[in-house]
Amino acid sequence: MITRDEFRRMASARTLVLDGAYGTGFFEMGLGGVPSELLNLEHPDRVEGLHRAYVEAGCDILLTNTFGGNRFKLEENSLDDRIGEIHEAAVSIARRAASAAPERRILIFGDVSSTGRLPRPSGDGSFEDCRRVYAEQASLLLEAGCDGLIVETMTDIKELKSALVAIREVSREVPLIAQMSFDSSGTTLTGASVEVFAAVANDLDVDALGMNCLVGPAETLQNLRRLSGLTNCLLSVEPNAGDPHFDGQNTLYMTDAATFSLYVEEFVECGASLVGGCCGTTPDHIRAVAAMLKGVAPAALRRREITLPPALASRTSVHDLGAGFSVVGERINPTGKKRLRESMRAGDFTVMLDEASAQAREGAHVLDINFGVEKFFSEGRIRDAFVSLDRATTLPPSIDVQSLDLMEAAMSECPGRPLVNSCACDEESLSRKLPLLKKYGGIMILLAMESDISNDPCQRAASVERALSFAASLGLGRDRFVVDPLVLSHGAGFDHRVTLETIRLCAERGIPTIVGLSNLSHGMPNRSGLNAAFLSQAIALGLSAAIMNSGDNVVMETMFGAALLKTGRLEERIDASDLDPLVEALLSGRSKTVDAMVDEKLSGGMLPIDVSQSFLGDAMERVGSLYEAKKIFLPHILFAAETAFPVFDRLNSMMTGAGACRGRILLATVEGDIHDIGKNIVGTVLRAGGFEVIDIGKNVASERIVESAREHSPDIVGLSAMMTTTVGRVSEVAESLRGAGLSVEVISGGASMNAELAGMYGVRYADSSSGALALCKELVERAV
């Protein structure tokens, strides 16, 4: 293993060439039906041959054949008991291939990717389980002699976070590359943008950030341009060889080696220090990349304009604390709120989510999450709370938790970059809490105090400076902190001018500040007026943010006015008038509100079937349209469906006859394909559209699909095929159904399916979940 400094020096001295695709390469060898990782044991010569081809093409880094080698993925093929020998063989094979070019130093990077069990809420896995699985795989790869590790083709930011945390638990010295898969809009399947990726991964001690798979070089270049200015890490790219096209016999990638290599110089101009290829790329593509790089100056000699904003992030959005005044909603705090307190302790987060939704509508940028007396909460309950918030809101959280164990549980469950509230400036507190900040990422609120609260603003500022120096010794920069200058109760005799002067002193030093505004007026009359008056003065002196009541119009209007006078910019206001009340209630998980709206329709004389299909069903179709338009993402549509389904069930129980259901649909992912996220989304949308859905899973053999069709007599069979190596199974299933004498409509979809192929196979094609719903409606209506 080389050191991280060595790796960075190598990648700075010249652009390093990564290898190309393995899965499509093995398929072309006729090995597509064998799990790739098993080839390390049963066909090591074929694996080594492909490695050697990439070495001869000029690559500097070989990736081990362990893409799906984590324990969860191996379990799907009953190979988990061979996990050790698979990894040992993979590294040994790559090392032998590298020795074919003794005159060059070729690095071996252990390849790590998704577990297939996304952590909640994108899937039913857990952060801790993913972390354990990734730690095991990292240990195996490093013990076998890898020089570095790459985590690639990740679509879920929380799963990526679990992998990076796990790897750094195993080794802080191994060179580490982190890559996500973005579509042409710069967004992953579960909603993380390029900007969210940068905000999260910058904190997690990686050496290179980048992107691979899903799109070709042109789209990758656009996404790289967005990433380039948002990180100080090395940059890495591995595009596909364009879009795949399956002609019924062969999978063709439409970008040839010469065309692919034309993008190399632009990648390097954007800052790329590592360039390789993903799906569809061959040794010819890598040879063309290496040849093109011989005449291109490395990225280290080019100036990147880098801006690292003090950004907070949720799964799907980024909030820049430096872009204007930030409102942190204070109302998720059970102190003095019996209904909220009792529901949170019982694990019912409905009231909490109602408050989250309300504060988002009122204009909060961040949500402070406080649990009151923490002894009533287990780690599991804390995790459930933050998973619920992840599903229901796009606002970044402020983790207002003091117990170290509970703080760690919350920080691990936050998929983005949270605000962490808070830590005093004494060395004991810093020594306990800052390691968590370094491990999980985020921005910490520093309380301007040590063991006691000083009445001298200069002493408060000095405490902050000492804390920042201590943090620097742990590798945490000043950009990882915002300071609370401490607002105390005016009614208790505390002098607010000390706080104001501390704000001014911090602003002089370029340190952002945040206050707990409502503390000022505790026990006082006219709280809104007092809070507003102080806030106006504080903003004028440089206050950056406040934990405050976003529903207090007096305070909010004062904030808007004071911020305008301070900066000359009008703070953006949220217009809630365009929000559909039912859609908003579904997306925020307010089941009681949905029930009440449905009951109102029923009381007005609307028939249950019309409420189901024309009211609630239409609302879920609008949710599906928001998903297709990338306004919401996988966790959100699943949460909306979870909110809606009990109401659909209640309405269905009130109906009799055939009209209670539009039709019955049998869904499956075809044999050899273990991807089911797309199928699950389609099933969710179809069920919300009034169909009965029978989902028999993934990697389902044709025989079982035929048996299930006989058993359930569906109106439609829906087949998903994501992989080019399995799309032909759609034809096999369709022929098997016809051969069994079953007269049933078959629809198909997935990344590798298209309308032309569907026509060849004699099935119908749906290009999206909303398209599947429209097609199913058309087919059942035509059959009536």
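Predicted model: local features only at pLDDT ≥ 70, side-chain atom pairs only at ≥ 80, totals over all residues.

Me: Are H6 and H7 oblique or parallel to each other?

Reply: Residues are numbered from 1 along each chain as its sequence is written, and side-chain values use heavy atoms, with hydrogens and water left out. The axes of helix H6 (residues 83–98) and helix H7 (residues 127–143) come within 9 Å and cross at roughly 45°. Angles under 35 degrees count as roughly parallel, over 145 as roughly antiparallel, 65 to 115 as roughly perpendicular and the rest as oblique, so H6 and H7 are oblique.

Me: Which residues of H7 make the contact with H6?

Reply: Contact means heavy atoms within 4.5 Å. On the H6 side, the residues are Ile83, Gly84, His87 and Val91. Their partners on H7 are Glu136, Gln137, Leu140 and Leu141.

Me: How many disulfides does the count come to?

Reply: A disulfide is taken as a pair of cysteine sulfur atoms within 2.5 Å. For cysteine 213, the nearest cysteine sulfur is that of cysteine 279, 3.7 Å away. For cysteine 506, the nearest is that of cysteine 425, at 9.2 Å. Neither cysteine 213 nor cysteine 506 is in a disulfide, and the count comes to 0.

Me: Is cysteine 506 buried or exposed?

Reply: Buried means under 20% relative accessible area, exposed over 50%, and partly exposed in between (1.4 Å probe, protein chains only). The relative accessible area of cysteine 506 is 1%, so this residue is buried.

Me: Where is leucine 395, and what is its relative accessible area?

Reply: Leucine 395 sits in the loop between helix H16 (379–392) and strand E15 (397–400). Leaving out residues up to four places away in sequence, leucine 395 touches Ser314, Ala360, Ala364, His365, Val366 and Leu367. Leucine 395 is buried, with a relative accessible area of 16%.

Me: And what is the relative accessibility of aspartate 60?

Reply: The loop between helix H4 (44–57) and strand E2 (61–63) holds aspartate 60. Aspartate 60 counts as buried, at a relative accessibility of 5%.

Key: Axes fitted to C-alpha atoms, helices over the stretch in contact; angles between N-to-C directions. Helix = DSSP H or I, 4+ residues; strand = E, 2+ residues; numbered from the N terminus.
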